[in-house]
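Keep the viewer open as you read.

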Amino acid sequence: MRVVVTGGAGFVGAHLVAALLGRPEVTEVRVVDDFSTGRKTHLAELEVNLFEGSVLDPALLDEALDGAQAVVHLAARPPRRALRGPTGGAAAVRPDRPADVPADHLVNATGTLQVLEAARRAGHLPVVAASAVTDAALGPDAERTPYAVGALAAEGYLTAYQHCYGLRVLTLRLRDVFGPFQPAGPRGPAVVPAFVAAALAGEPLVVHGDGRQRRDFTYVGTVAQVLCAAVLRRLTVPGPVDLACGTRVSVLELAAELGRALGRPLPLVHAEPQAERTRPLPDPGPLRALLPGLRPVPLRVGLERTLAWSRAR
Ligand SMILES: NC(=O)c1ccc[n+]([C@@H]2O[C@H](COP(=O)([O-])OP(=O)(O)OC[C@H]3O[C@@H](n4cnc5c(N)ncnc54)[C@H](O)[C@@H]3O)[C@@H](O)[C@H]2O)c1
């Protein structure tokens, strides 16, 4: 089986490529990536065929999908803090600041449409796609940033191609993924890399609000396992499915677990709460029904692997 992975040089993509190459059914992995956030070093040890360029280039997509049997679409621009204010809320969006909305929309919405069209042209190849729809855009206090609207448009196209053209599509909503290759700093404001970086630097962990907000953290190896199974089994479901395993720990419990993994309690400082404190938790039920044999990597094991990678850097 030849599999095309868009965004294959990114954080999630590199783990998926490695997982696919470990499967005997997979004879070739092709990566389409423009390296805007992905890194060639993520694929250094892996035997992939690289199609360097953008998913906005139909000719490049046709070349990459020619003779392939499946597509995993992970190419996307990440949300940038610049679109949000210090609390992360929509109310704090600065109208006086230029936002890179057209570029976000082009890659995330139009790029998804281009991949779907290319999959159709290539003979109705099945598509597994990671959705960038964040829970913040879905909850009762839904904040419709231009970024979230672009992500919702991408999901809409995925569903439309399923209904209108009979394309086999599986849309997976990822959130709170953590593990090796995840960037810390402005490109990666996620809590796990921030905690790991602070802990290894001997600094206190910054907890926003009281830290009781619960999250469904998923180790990136589990995400790769799910994506890999979805491709190989050609899974399809009408509508998006949360890629969540029901971890549901609070940020305080996460800090305590990280401390246990390091063998010492970690000092905390509290900062102002973030808007996502109120966000709803994902529903792990549909994924469990789809992949009953899935054995997620436990939080502690995932943290130990992330620490080992961070230390080795
Ligand atoms: N990591 C998470 O917690 C998380 C959460 C929600 C959704 N997702 C989704 O999962 C997918 C992968 O995310 P990630 O964390 O690996 O992000 P990432 O930024 O590490 O990877 C995205 C990859 O896409 C590539 N890319 C960007 N624009 C491109 C273009 N125009 N053409 C070709 N390649 C392009 C980048 O170079 C990068 O390699 C994305 O769709 C993202 O929205 C991730």
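Start at Glu-155, which forms a salt bridge with Arg-173, the closest N and O atoms being 2.7 Å apart; a salt bridge here is a side-chain nitrogen of Lys or Arg within 4 Å of a carboxyl oxygen of Asp or Glu. This pair ties together distant parts of the chain, since Glu-155 is in helix H4 (residues 146-165) and Arg-173 is in strand E6 (residues 169-174), 18 residues apart. Helices (H or I, at least four residues) and strands (E, at least two) are DSSP runs, numbered from the N terminus. Glu-155 is buried at 7% relative accessible area, and Arg-173 is buried too, at 15%. Buried means under 20% relative accessible area, exposed over 50%, and partly exposed in between, with a 1.4 Å probe and protein chains only.

Before going further, a word on ground rules: this is a predicted model, so local features need pLDDT of at least 70 and side-chain atom pairs count only at pLDDT 80 or more, while totals for chains, interfaces and linings use all residues. Residues are numbered from 1 along each chain as its sequence is written, and side-chain values use heavy atoms, with hydrogens and water left out.

Glu-155 has another partner. A polar contact of 2.6 Å joins its side chain to that of Ser-131; a polar contact is a pair of N or O atoms within 3.5 Å, and within protein one must be able to donate a hydrogen and the other to accept it, with residues adjacent in sequence counting only if both atoms are side-chain atoms. Ser-131 lies in strand E5 and counts as buried at 7% relative accessibility. The side chain of Ser-131 also reaches the backbone nitrogen of Val-133 at 3.0 Å. Leaving aside neighbours within four places in sequence, Ser-131 is in contact (heavy atoms within 4.5 Å) with Glu-155, Thr-171, Leu-172, Arg-173 and Leu-174.

What about the other salt bridges? A search of the whole structure finds 14 of them. Arg-300 pairs with Glu-304, the closest N and O atoms being 3.1 Å apart. These two sit 4 residues apart in helix H9 (residues 299-312), so about one helical turn separates them. Arg-300 is partly exposed at 30% relative accessible area, and Glu-304 is partly exposed at 36%. Elsewhere, salt bridges that share partners join Arg-2, Glu-28 and Arg-30 into one network. Glu-25 and Arg-23 also form a salt bridge, with their closest N and O atoms 3.4 Å apart.

Now for the greasy side of things. The largest nonpolar core has 64 residues, and Leu-172 and Leu-258 touch the most other members. Such a core is a set of buried Ala, Val, Leu, Ile, Met, Phe, Trp, Tyr and Cys residues joined through side-chain atoms within 4.5 Å. Helix H6 (residues 220-232) gives the most to this core, with 9 residues. If you click on Leu-258 and skip its neighbours within four places in sequence, its contacts are Phe-195, Val-196, Ala-199, Leu-205, Leu-266, Leu-303 and Leu-307. There's also a second, separate core of 22 residues, which includes Ala-75, Val-127, Tyr-161 and Leu-167.

Next, the ligand. It is surrounded by 25 residues, of which the closest are Phe-11, Val-12, Asp-33, Thr-37 and Leu-174; a residue belongs here if one of its heavy atoms lies within 4 Å. A polar backbone atom of Gly-10 is 3.0 Å from an oxygen atom of the ligand, and a backbone N or O atom of Val-177 lies 3.3 Å from a ligand oxygen. The protein covers 90% of the 820 Å² of accessible area that the ligand has on its own, with areas taken from the Shrake-Rupley method with a 1.4 Å probe and, for residues, only the protein chains shown counting as cover. Helix H1 (11-21) and strand E5 (127-131) are the elements that give two or more residues to the shell around the ligand.

H1 is largely enclosed by the rest of the structure, because 8 of its 11 residues are buried. Those buried residues pack against strand E1 (2-6), strand E2 (28-33), strand E4 (70-73), E6, strand E7 (177-178) and H6.

Zooming out, the chain has 9 helices and 13 strands, and 51% of its 313 residues count as buried.
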